[in-house]
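Please look over the sequence and the structure first.

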Amino acid sequence: MFSGCSVSSLAARFAFFPPDPPTYSVKKDDGGRLAASGVPRDHSMDVLVLDTKHGNKIVAFYLKNPCARLTVLYSHGNAADLGRLYDLFVQLKVNLRVNLMGYDYSGYGASTGKPSEYNTYADIEAVYQCLQTEYGISQEDLILYGQSVGSGPTLHLAARLPRLRGVVLHSAILSGLRVNINKIKKVKCPVFAVHGTEDDVVNWLHGHGLWKLAKEPYEPLWIKGGGHCNLELYPDYIRHLRKFIQEMENITTATRLKKIRQTLKSPTKPAATTSTAMTTTFTANYLQNYLTPSTVLKCCMRIESIGGLVPSVYFMKYLTGSLILCSDELQGEKLMVSCFFCFRISGNQLSGMAKSNTNDAKVLIRSLRSAYAATPISLKIIDLYVVYAITSAVIQVVYMGIVGSFPFNSFLSGVLSCVGTAVLAVCLRIQVNKENKEFKDLPPERAFADFVLCNLVLHLVIMNFLG
C-alpha cells in the first residue's frame, strides 16, 4: 500500500499539468504598480503576488465590478493559467455582475513552487485572506467556483467557511484521493453543479455524485453533449450560472444564519449499526442515487486486492469495466454492492453479507437495462457471440442427457469448444471495453488478433482430442 505522502506525490504527477511556458509574466509598470504582460491592460484589475504558508508566491488577478454585490473566487482547471483565463474572467465579471478573484496555483503561470494537492490548499487560503484584509470581503458575500481540479481547493475552503454564500462545481472531480467526498458533506451553503454529459476527462458521474452528497444541492446543469473544456460555449451555461448568482444575491445574511442555526439545533444521526435492515436500506439508497444510464455501477473507489469475490462481481466488471464500490465513509465502514447483495468490508476482507430486498433488485435491473442500451454496437456483437457459444454448449449438454453421450469424445469436445470460445470472447470484450482502464494501452486490433490466435489453438487442441 502507498503511504499518504507517496499517494499525494503520485497524484500530483498525474493531476497537475501547468502550461509550459506560462502565457504571461508579472512586472512593475512605470508607476510601480504590478502588471501582467501578455494580458490586456485593465485599470479595473489588480495584479497581486501573495505569500502562502508553504513559502510560495502565487499570482492573483482581482477584477472589480462597481455594480457587484458578490465576489467569485475562481479556482481554475488543469493546463490553464491566468493569461489564458483573462478573457473568460472579464466575461464572467460583466455577465454575472460580480467581482472576480482568480489565482494561479503554485507552479502555474508566474507563481513559484511546485503544484501539489496540499499547495493548492495553502494557495486558496492565502487568496481568501487577501480578499478579507485587502478588499474587506467576508465569507457571507463570497461564492467559491471550482473547475475540474480546482474543485479540490474550492471544497477544502468551503468546508471551513460556515457562512459562505454559495459554491459552484464545474466539471468537478468526485474523488481524486477521496477528499472531495468527505469535504462536500461539510459544506453548509447551496452547491450548484455543472457538468457535460460527454466529458471524457472527468466523467459526468463525478459531478452528479458530489451534487447528490451536498447538504443544500441547487438545481444542477447537465449540459447534453458538453465535454470537459467547452461548457462556457453553451448558452445554458451563462444563463443558469446567472440565475444561481442572482438567487444567491437575494439570500440575506439573516436567512443564511437562520438555516445554519436550524442545522446546528437538529438532532444528530444515530450511529450506524451492523443490522441487515440498515445494510439493505443503504444499498437501496446507493442504487437509486448513484446508478445512472451511461455509467451504471461505476465505482467511487476501487479495491483491487479483495479475495473470494463471488462471480456476480466479475459479471459486473464484465459489463461496466469496474468493480463496484459504495462510498467508504459511512460511519467508517466500507460497503460494496455486488449484484443483489451488500457486503461489509473490513480492510480487504469480507466480514458480513446482507441480502437486499426485491426493490433493490428492480432498481439494479432497470439501471443495467438503461446502461446496456448505451453500450457500443461492437460490444453488443461480442455479447451475441458469447450467448451463441453458451447456448450451443447448453444444447449439447441437454442432448447428451436425453439421447446419450456416444461417442463421448465428440460430445465432450463440442462442449469444451463452445465453453472455451465463450471464455475467449469474454476476455476480448473486457480488453476492448474502453471503460477498462487496465487495458487502455492495448489496441483493439491486437486484442482481436489474440482472440483469433487463441481460438485456432483451442480448436487444434480439440481436433487432436477427437483423434
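The model shown here is predicted. A place to begin is helix H4, where Ser151, Gly152, Pro153, Thr154, Leu155, His156, Leu157 and Ala158 are buried. Because eight of the eight residues of this helix, residues 151–158, are buried, H4 is largely enclosed by the rest of the structure.

Next come the nonpolar cores. The largest of them has 37 residues, and those with the most contacts inside it are Phe61, Leu92, Ile143, Phe192, Leu241 and Phe244. Several elements give two or more residues to this core: the strands are S3 (45–51), S4 (57–63), S5 (71–75), S7 (142–147), S9 (190–196) and S11 (221–223), and the helices are H2 (82–96) and H7 (235–250). Helix H2 supplies the largest share, eight residues. Apart from this core lies another one, of 36 residues, with Met101, Ile124, Leu155 and Val187 among them.

What does Phe192 touch, leaving out residues up to four places away in sequence? Its contacts are Val167, Val168, Leu169, Tyr218, Glu219, Pro220, Leu221, His240, Leu241 and Phe244.

Lys27 gives a view of the exterior. This residue is found in strand S1, residues 25–28. Lys27 counts as exposed because its relative accessibility is 53%, and the cut-off for exposed is over 50%. Not counting residues up to four places away in sequence, Lys27 touches Arg33, Leu34, Ala35 and Ser37. Val47 is 20 residues apart from Lys27 along the chain, and the C-alpha atoms of the two are separated by 9.5 Å.

Methods:
Residues are numbered from 1 along each chain as its sequence is written. This is a predicted model: local features need pLDDT of at least 70, side-chain atom pairs count only at pLDDT 80 or more; totals for chains, interfaces and linings use all residues. Side-chain values use heavy atoms; hydrogens and water are left out. Buried means under 20% relative accessible area, exposed over 50%, partly exposed in between (1.4 Å probe, protein chains only). Helices (H or I, at least four residues) and strands (E, at least two) are DSSP runs, numbered from the N terminus. A nonpolar core is a set of buried Ala, Val, Leu, Ile, Met, Phe, Trp, Tyr and Cys residues joined through side-chain atoms within 4.5 Å. Contact means heavy atoms within 4.5 Å.
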